[in-house]
Amino acid sequence: MTDSTTDKSAGPSLPSIPDMIDEFKTPPSEPGGWLDLLSREHLSTTLMLSMGVALFAFNGFFVSTVLPSAIAEIGGGHLIAWSVSLYLIGSIVAGVTAAQFKQRFGARRALIVATLVFLVGTLTAAFASTMEQVLLGRLGQGLGEGVVAAICYALIPALYPSRLVPKVFGVEALVWTCASFGGPFAAGWLAESFSWRTAFLINLPFGLVFLLLALFTARPRDETVAAFARVPLSPLVLLSVGLLMILSSGVMAEPLTSAVLVVFGIALLVASVRRDRVLPTGLMPAEAFGLSSTVGAGLWLVLLMPVAQATSSVYFVLGLQHGFGFGPLAAGGLGAIMAMSWSLVAVLVAHVGTERARRRAIESGPLLQCCGMLLVALGFQQGSLFLLVTGQIVVGAAFGASWAFLSQMLMETSTRTERDKTSGLIPTLQSAGFAIGAAFAGLAGNSLGLAETSTSESSRAAFSATFLIPVLWTIPAMLLARRATRLAAELPPHSP
């Protein structure tokens, strides 16, 4: 990691306006632009990574649109909540093992096998005759996509020069937005025009295209295959059971039962991390979740920001419907504003070139998120649609401004031997953060009586209180962002 000369200035005078502007410009010694991602050298890689992100986003969200049609045909409505939970559990558990599979078999083989597992899961769900078979297919999809997403992240620093990494994340943010919000609409159209099975089968051609791209693209020049190391089972079991308890809390009617499941689930996750640390070949980087390194503090940030954001994912659209009387389409459209803001800001800041400016962008993430969540809570309390939309835009800007640079900082400050683990853990922790945050949001919402509120005024008050709680998560996130960037600034140039 390098540092700008302004970081070392000891003079009391403030920087001039031209200097402040120059700080956010890409250094002329590092030319490159968006078209470089489409050059002969990077085009197939960009397409492969975009396809992997699109499949992950699409399959994470589209089931809520098509499963009602599946239930009408094969029954099993009481199991519908598990369609998302099992996919998340599969993707998170597979994601933490992806680095070991990549190091043992190579990125190309690991991606091919993971994609085949995903396609088998897709076919199982598409031709299911019972809801249990659909859930088995969803678990297979999650296991495959968890490895795909983690390895795609790990390939970014290996296949692109440092100057293009933020632009890669900008493209991925656009792809994620299109797939996660356009996908459910497309899946709904397929389910209505043909059948819910067709919506699952649409994964086949895209999965096969990704498979071909991975076959010819996923070959980092300096990749070496390590000796076989057995995947540690004890932290995986603790992780799986902990996630199962946390995600189960969301379907419990009694707040006390939900709270007990969340507490025990988090305890098992902590036990999983601690167990992993003492093993000779752990699933996570040795510095994971410590506070004495950039990687340790930064991974906390990767987890906490989605934990805070999950409340919006769970309750924002519902709040617009109950508190403001919006229909599903209008509420869903306003709910998509956050993702659109994320993508737009990620593209706008991708040109930032100096290390100091990138660190400031990372620090701005949790601060903007805190401000955005406060605006959303105030918007519900005052019944102001303007404040709600503004808050969503600010929250999206928080992720757009910081996420690419945070990911790049973690990749570049990891040791070479653990870079794959760190890179692959980023999307895995993001999914885990949303799962944990959704459990907390559900617990808060049930405790505040969101399901029992009858008038729009009482609904808005309950939603306002629900959105104030995740603000608490942004406070340690702000402190951790500052610590991570300070530790990164202290590293010597080009440290391993």
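# A chat about helices, cores and cysteines

Q: Is helix α4 mostly covered or mostly open?
A: Mostly covered. In this predicted model, 18 of the 24 residues of α4 are buried.

Q: Where does α4 kink, and by how much?
A: The kink is centred on T97. The angle is about 40°. Helix α4 itself covers residues 82-105.

Q: What comes just after α4?
A: G106 does, and G106 takes a positive phi of about 90°.

Q: Switching to S431. Which helix holds S431?
A: Helix α17, which takes in residues 419-447.

Q: Is S431 buried or exposed?
A: Buried. The relative accessible area of S431 is 9%, and the cut-off for buried is under 20%.

Q: What is S431 in contact with, leaving aside neighbours within four places in sequence?
A: Three residues are listed: F56, L88 and I92.

Q: Now the core. Which residues touch the most other members of the largest nonpolar core?
A: M48, L111, F210 and W403. That core has 113 residues.

Q: What about a second core: which residues does it include?
A: V63, M131, W196 and A199 are included. That second core is separate and has 21 residues.

Q: New topic. How many disulfides turn up in the whole structure?
A: The search finds 0.

Q: How far is C370 from the nearest cysteine sulfur?
A: The sulfur of C371 is the nearest, at 5.5 Å.

Q: Is C370 buried or exposed?
A: Buried, with a relative accessible area of 10%.

Q: And C178, buried or exposed?
A: Exposed. The relative accessible area of C178 is 55%, and exposed means over 50%.

Q: Last thing: confidence. What is the mean pLDDT of the chain?
A: The mean is 84. A pLDDT of 70 or more is reached by 88% of the residues.

Q: Where is confidence lowest, and where is it highest?
A: Lowest in helix α1, residues 17-23, with a mean of 41. Highest in helix α5, residues 107-126, at 95.

Q: Over which residues is the pLDDT below 50?
A: Residues 1-31. Beyond near neighbours in sequence, that stretch has 42 contacts in the model.

Technical notes:
Residues are numbered from 1 along each chain as its sequence is written. This is a predicted model: local features need pLDDT of at least 70, side-chain atom pairs count only at pLDDT 80 or more; totals for chains, interfaces and linings use all residues. Side-chain values use heavy atoms; hydrogens and water are left out. Helices (H or I, at least four residues) and strands (E, at least two) are DSSP runs, numbered from the N terminus. Buried means under 20% relative accessible area, exposed over 50%, partly exposed in between (1.4 Å probe, protein chains only). Contact means heavy atoms within 4.5 Å. A disulfide is a pair of cysteine sulfur atoms within 2.5 Å. The bend at a residue is the angle between axes fitted to the seven residues ending there and the seven starting there. pLDDT is the predictor's confidence in each residue, from 0 to 100. A nonpolar core is a set of buried Ala, Val, Leu, Ile, Met, Phe, Trp, Tyr and Cys residues joined through side-chain atoms within 4.5 Å.
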